[in-house]
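User: I am new to this structure. Please take a close look at one part of it, and show how that part sits within the rest.

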Amino acid sequence: MYTKPRFNLKASLLVAALALVLTGCETTSPTTGTSGVSYGDSKAVETVTTDLGSTDIQMISEKMTQGLIQTPEIQTLIKKRQLLMASPVKNKTSEYFDTRLITDTVLTQLQKNGVKYVIEGEDMQNQTDELRRQNQSGLYDKSKSVKVGKMRGAKYRLDGSISSIIKKTSDLKDVYYKMNLRLIEIETGIVEWSDEKEIRKSAKR
């Protein structure tokens with residue numbers, strides 16, 4: 001004789017509660033804000049204005065690195081573990097932007113290819129401050145602190161500049177950028193390598 005199964009209310013409630021718990025565990029981290037801000041592709045071509053932008057910096061850095069890494073001087077530098085330093089790229093345009101973005105990007109790409117570099121400028125000041133703190137402040141165990149006079153000098157130096165020419169009409173703005181980068185042997189002052197990258201951008205007004 002067939003018997004109709006009983007409906008178990010407690011078991012059903014338990015299953016439902018467990019399903020809610022599991023569903024809650026699968027949710028992603030919450031987001032805040034309702035201003036319409038969203039993430040974009042950092043490698044996407046940026047054409048918001050004619051000003052120097054992220055795409056320009058990427059293009060310049062990649063081209064400069066590709067050319068520089070193929071030079072015999074850089075290949076020798078890598079093999080002999082000699083050091084490179086870089087002065088900040090000079091901004092000769094009428095715009096304000098942080099040219100260190102270009103310098104840092106080029107150095108990062110070079111380091112990925114085996115080039116070692118030493119710090120300079122503001123970073124060097126931080127380095128000397130730390131050396132002085134460990135050796136002169138009296139706060140550190142002398143037997144375990146780093147020693148003064150152990151820093152290594154670079155054999156080559158990178159420097160460069162970026163300039164621009166702007167032309168305007170009543171309905172068009174044209175901007176021409178030119179980036180130059182040079183590899184200089186520090187001891188002799190000889191320019192061993194140089195390259196340039198040109199970018200032209202225009203926009204209707």
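Analyst: Helices (H or I, at least four residues) and strands (E, at least two) are DSSP runs, numbered from the N terminus. The model is predicted, so local features need pLDDT of at least 70 and side-chain atom pairs pLDDT 80 or more, while totals for chains, interfaces and linings use all residues. Residues are numbered from 1 along each chain as its sequence is written, and side-chain values use heavy atoms, with hydrogens and water left out.

The chain has 205 residues, of which 28% count as buried (buried means under 20% relative accessible area, exposed over 50%, partly exposed in between, with a 1.4 Å probe and protein chains only). Its accessible surface (from the Shrake-Rupley method with a 1.4 Å probe; for residues, only the protein chains shown count as cover) comes to about 14900 Å², and 54% of that surface belongs to carbon and sulfur atoms. Among contacts (heavy atoms within 4.5 Å) with a separation of 6 or more, 64% are between residues 24 or more positions apart.

Now the helix. Which residues of α3 are buried? They are E73, I74 and L77. Seen down the axis of α3, these residues fall within an arc of 95°, so they line one face of the helix (the arc is that of the directions from the helix axis to the C-beta atoms). The face turned away from this buried side carries the exposed residues P72 and K79. After the helix comes R81, which has a positive phi, near 55°.

What covers the buried residues of α3? The cover includes α2, β1, β3 (116-117), β4, β5 and β6. As a general background, nonpolar side chains in soluble globular proteins tend to be buried together.

Two of the covering strands, β5 and β6, pair with each other (two strands pair if DSSP finds at least two bridges between them). Their pairing is antiparallel and runs over 13 bridges. Together β5 and β6 form a hairpin with 5 residues between them, and G189 in the turn has a positive phi of about 80°. Along this pairing, N180 stands opposite E196 in β6.

E196 also takes part in a salt bridge (a side-chain nitrogen of Lys or Arg within 4 Å of a carboxyl oxygen of Asp or Glu). Its partner is K178, with the closest N and O atoms 3.3 Å apart. This pair links distant parts of the chain, since K178 is in strand β5 and E196 in strand β6, 18 residues apart. Both are partly exposed: K178 has a relative accessible area of 29%, and E196 has one of 33%. Elsewhere, salt bridges that share partners join R157, D159 and R182 into one network. Within it, the closest N and O atoms of R157 and D159 are 3.1 Å apart. R157 is partly exposed at 24% relative accessibility, whereas D159 is buried at 6%. The structure holds 9 salt bridges, and another of them joins D104 to R100 at 3.4 Å between the closest N and O atoms. D104 and R100 both lie in helix α4, 4 residues apart, about one turn of the helix.

Strand β4, another part of the cover, contains K167. That residue is exposed, with a relative accessible area of 56%. Leaving out residues up to four places away in sequence, K167 touches L172, K173 and D174. K167 and S202 are 35 residues apart in sequence, with 9.4 Å between their C-alpha atoms.
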